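Dear colleague,

Please find below the structure I promised to hand over. My findings follow directly after it.

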Amino acid sequence: MAKYKITINEEECIGCGTCVALCAENYEMTDDNKAKVKTAEVDELGKNEEAKESCPVSCIKIEEF
Ligand code: SF4
């Protein structure tokens, strides 16, 4: 079982692209300019933590199981 679950509150996302710039491995922009997590459940956070900390509206959430 994965250790972390990453979610984005799409209502709050302003589409700035920061998370994609910092962690393109796990974030992408949708056609309506919202960020989307590619793999929501991961064992290692890697750059996901930095992406979360850098989101200007703090809409990325990381839960630890
Ligand atoms: S950094 Fe935050 S506001 Fe910017 S695209 Fe990513 S989730 Fe959306």
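Please bear in mind that the model is a predicted one.

As to the overall fold, the protein chain contains two helices and five strands. Read from the N terminus, these elements follow the order β-α-β-β-β-α-β. The C-alpha atoms occupy a box of roughly 30 × 20 × 20 Å along the principal axes. The radius of gyration of the protein chain is 11 Å, which agrees with a compact globule, because a globule of 65 residues would have a value near 11 Å. Buried residues account for 18% of the 65 residues. Of the contacts between residues at least 6 apart in sequence, 63% join residues at least 24 apart.

Three of the strands form an open sheet in the order S4-S1-S5, and their pairing is antiparallel. The edge strands of this sheet are strand S4 (41-42) and S5, each of which pairs on one side only. Strand S1 (residues 4-8) pairs with S5 in the antiparallel sense over five bridges. Within this part of the sheet, isoleucine 8 stands opposite isoleucine 60 in S5.

Two backbone positions deserve a separate remark. Most residues other than glycine have a negative phi. Asparagine 33, however, has a positive phi near 60 degrees and is not a glycine. Asparagine 33 lies in the loop that runs between strand S2 (27-29) and strand S3 (35-37). The second case is serine 58, also not a glycine, with a positive phi of about 50 degrees. Serine 58 belongs to the loop between helix H2 (48-54) and strand S5 (60-64).

Are these two residues buried or exposed? Asparagine 33 has 11 other C-beta atoms within 10 Å, and it is therefore exposed, the cut-off for this class being 12 or fewer. Serine 58 also has 11 other C-beta atoms within 10 Å, so that serine 58 is likewise exposed.

With kind regards

Note on methods. Residues numbered from 1 in each chain as written. Predicted model: local features only at pLDDT ≥ 70, side-chain atom pairs only at ≥ 80, totals over all residues. Helix = DSSP H or I, 4+ residues; strand = E, 2+ residues; numbered from the N terminus. Rg over C-alpha atoms; globule rule 2.2 N^0.38 Å. Buried ≥ 20, exposed ≤ 12 C-beta atoms within 10 Å, placed from the backbone. Contact = placed C-beta atoms within 7 Å. Pairing = 2+ DSSP bridges.
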